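Open the model in your viewer and keep the sequence panel beside it. This tour says what to select at each stop and what is found there.

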Amino acid sequence: MSGLSIAAEGAGRYISWGVIQISVANLTIIAVMVLLFLLALVIPFPTGHGSDDGGHDR
Amino acid sequence: MFMKTPDSHDFPTRPYDLVKEFVIALVVVLVLSVGLAAMFSSPDDPPITMKGWAQAAPNDVVATAVGELAGTTTSATYGPPYNNASEGQKLGPLPLQKWGGVQLPTDSTSLVLAPLSNVQNNPQLTAALSYWNAATPDQRTKWATDYADALGVPATEDAAATGAGGDPAKVAPGDYGPVPTLSSAFLAFAQSGGLEGALTSSGNFYGGDATRSLLLLADGAYFEDQARAKNLGGDQWGMMNEVGNAPGQPWMWLYTFWYQIPPFSKSDNADALVWGLMMLLTLLLVLVPFIPGLRSIPRWIPVHRLVWRDYYRRTKKA
Amino acid sequence: MTTATGRPGQKTETGSSNWTTRLRNWIVGLVPPGEALPDRQPIYVASWIYVFGVLTLAALAIVIGSGCVLAIGGSAWWHTSSLGRYVNSVHLWSVELLFGFMVIHLWGKFWMAAWRGGRSMTWMTGVVLFVISIGTSFTGFLSQSNFDSQWIGSQGKDGLNSVGVGAWFNVLNPGQMLMWHIVLLPLVVVVVTVVHVVLVRRHGVVPPIDAEM
């Protein structure tokens with residue numbers, strides 16, 4: 001699909017399940033988003049050692 | 001009940017570099033954007049031209065032209081904002097489409113006749129136009145409707161062909177007035193490329209408003225056939241999709257979902273109903289902070305214990 | 001203890017009739033002193049979920065930037081130039097990233113009940129931004145001058161006409177749709193984004209649920 005393609009495209013790859021029909025591209029995007037969300041929740045965030053509990057000055 | 005949320009400025013702090021964070025985010029998103037663009041590009045299916053339509057589906061062009069003259073096409077029977085042929089859709093008891101008014105008046109017969117009336121050096125066509133204009137509205141409708149019936153439609157999976165199966169060359173003789181001449185002249189005009197731009201803004205060098213061109217195109221079957229072949233139809237979750245394997249609009253999933261199920265899938269008022277429902281759901285989402293129950297879900301399903309596990313651990317120790 | 005010298009909304013000169021003074025005081029009072037660009041954050045800001053707001057902002061910057069490059073070449077440039085086509089692709093993918101990060105940000109903020117502590121306007125402006133972004137991307141699709149524009153326009157008109165607004169917001173008018181896409185809607189998006197971010201800085205990042213001081 002890269003480059004200047006002047007040929008019109010038909011339908012891409014789709015997955016059907018009952019009334020649900022979704023493109024592989026969209027499903028991939030949604031799956032990646034859910035994965036990112038879960039990873040963001042569980043992967044530890046780097047907090048500096050020893051600079052915690054510092055003053056809450058301005 | 002709930003404890004008052006403490007002031008965030010009262011908590012112990014630690015160094016944090018917001019500007020560096022933003023710059024890193026900018027670099028990350030830039031790299032992702034240019035990388036994804038280089039790998040996957042973007043789709044650009046060329047628009048359907050009137051000439052392309054006429055060359056690919058000439059019978060459909062003829063059938064559409066006849067339908068405009070008979071007043072049976074989608075645009076001819078649409079209602080506001082184009083005409084008063086129908087009341088349009090309602091949201092429950094509210095005739096919202098009608099309240100919008102006929103603000104973009106469009107005479108569907110003019111979609112065919114206006115371009116044709118500019119054609120020069122075609123005495124047969126000129127005569128046919130005069131004949132049409134001199135006739136009464138009832139006579140015109142009868143000619144066009146009779147010709148449409150005689151023309152018929154091609155066979156489909158579910159039904160046999162009717163009339164001449166959509167082929168103008170096979171139409172049985174009858175009194176159709178100037179309609180056969182007008183519709184075949186329209187096809188020839190489209191095939192010559194003359195129809196491009198003929199309907200965008202009246203006689204103006206700089207067109208720009210494609211309303212009438214698109215109404216005409218959408219009155220034919222070819223346009224929707226092309227869209228359905230690309231999975232873009234309304235009952236194909238089309239709002240979410242893009243042509244080929246390009247990413248579409250996944251965020252439209254809920255809007256298009258309703259069209260796939262009854263009662264919306266079978267309702268004449270589907271558009272108004274779905275719009276109304278989505279406006280309501282959007283309002284609920286905006287007002288989550290004020291809706292009892294809904295605003296308590298994060299408490300009941302404590303995903304937040306993952307977000308703040310570091311803090312909870314510390315304060316338990318302290 | 002806080003050492004704030006002023007709280008949001010408190011004027012340092014009272015009852016001034018000087019409009020400049022009042023405007024300055026209002027601007028200064030929007031955010032507690034030092035909180036417009038603080039170099040410290042509460043210790044509970046310690047999760048990767050927090051980066052999705054700034055990722056959304058960054059994506060918006062790339063969307064607008066790539067849009068500006070497209071504007072240099074004009075609305076038909078990307079059909080005839082391979083560079084234009086590439087810039088269009090950057091614009092498309094930055095939009096997909098914008099929505100992806102925005103929605104993850106929304107999920108995070110919901111599960112953190114981030115509207116607590118007087119932050120309901122922050123939540124509401126965020127949802128409004130989401131909805132306006134959808135509208136902006138819609139006008140973007142309508143501005144592509146290709147088959148997608150034709151189809152999306154002819155389908156979208158039915159929804160808008162069914163509720164009576166299709167004549168004023170005519171999706172079959174590419175000139176109108178393009179101008180909404182590149183002028184009116186980006187202006188609204190940027191203004192509401194500024195309000196949203198100022199609110200975040202004003203109230204600070206929401207404390208954990210059930211945190212006590």
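**Before starting**

This is a predicted model, in which local features need pLDDT of at least 70 and side-chain atom pairs count only at pLDDT 80 or more, while totals for chains, interfaces and linings use all residues. Residues are numbered from 1 along each chain as its sequence is written, and chains are lettered from A and ligands numbered from 1 in the order in which they are written.

**Stop 1: chain A**

Select chain A and colour by secondary structure. Chain A has 1 helix and 2 strands, in the order β-β-α from the N terminus. Helices (H or I, at least four residues) and strands (E, at least two) are DSSP runs, numbered from the N terminus. Of its 58 residues, 10% count as buried. A residue is buried if 20 or more other C-beta atoms lie within 10 Å of its own, exposed if 12 or fewer, and partly exposed in between, with C-beta atoms placed from the backbone.

**Stop 2: chain C**

Now select chain C. Chain C holds 7 helices and 1 strand, and its pattern along the sequence is α-β-α-α-α-α-α-α. Its radius of gyration is 21 Å, well over the 17 Å that the globule rule gives for 213 residues, so chain C is more spread out than a compact globule. The radius is taken over C-alpha atoms, and the rule is 2.2 Å times the number of residues to the power 0.38. Along the principal axes, the C-alpha atoms of chain C fill a box of roughly 60 × 45 × 40 Å. Of the 213 residues of chain C, 47% count as buried.

Next, colour residues 51-112 and 119-206 of chain C separately; these are domain 1 and domain 2. The bounds come from an automatic or database domain assignment. Between the two domains, 12 residues of domain 1 of chain C are in contact with 12 residues of domain 2 of chain C. Contact means that the C-beta atoms of two residues, placed from the backbone, lie within 7 Å. On the side of domain 1 of chain C that touches domain 2 of chain C, helix H2 (51-73) and helix H4 (82-111) of chain C each supply at least two residues. H4(C) gives the most to that side, with 5 residues.

**Stop 3: chain B against chain C**

Show chains B and C together. How many residues of chain B are in contact with chain C? The contact joins 74 residues of chain B to 83 residues of chain C. H1(B) gives the most to the side of chain B that touches chain C, with 12 residues. That side of chain B divides into 45 nonpolar, 18 polar and 11 charged residues. Here Ala, Val, Leu, Ile, Met, Phe, Trp, Tyr, Cys and Pro count as nonpolar, Asp, Glu, Lys and Arg as charged, and the others, Gly among them, as polar.

**Stop 4**

The arc is that of the directions from the helix axis to the C-beta atoms.

Move to helix H10 (residues 221-229) of chain B, where the buried residues are B:Tyr222, B:Phe223, B:Gln226 and B:Ala227. An arc of only 135 degrees puts them on the same side of H10(B). They pack against helix H2 (50-56), H3 and H9 of chain B together with helix H6 (147-162) of chain C.

**Stop 4: nonpolar cores**

A nonpolar core is a set of buried Ala, Val, Leu, Ile, Met, Phe, Trp, Tyr and Cys residues joined through C-beta atoms within 7 Å. The largest has 63 residues, and B:Trp53, B:Tyr147 and B:Phe186 are among those that touch the most other members. Leaving aside neighbours within four places in sequence, B:Phe186 is in contact with B:Val61, B:Ala65, B:Val112 and B:Leu116. Apart from this core lies another, of 45 residues, including B:Trp251, B:Trp308, C:Phe52 and C:Met102.

**Stop 6**

Most residues other than glycine have a negative phi, and most peptide bonds are trans. B:Trp237, not a glycine, has a positive phi of about 60 degrees, and B:Trp237 is buried, with 25 other C-beta atoms within 10 Å. Finally, select B:Pro80 and B:Pro81: the peptide bond between them is cis, with omega near 5 degrees.
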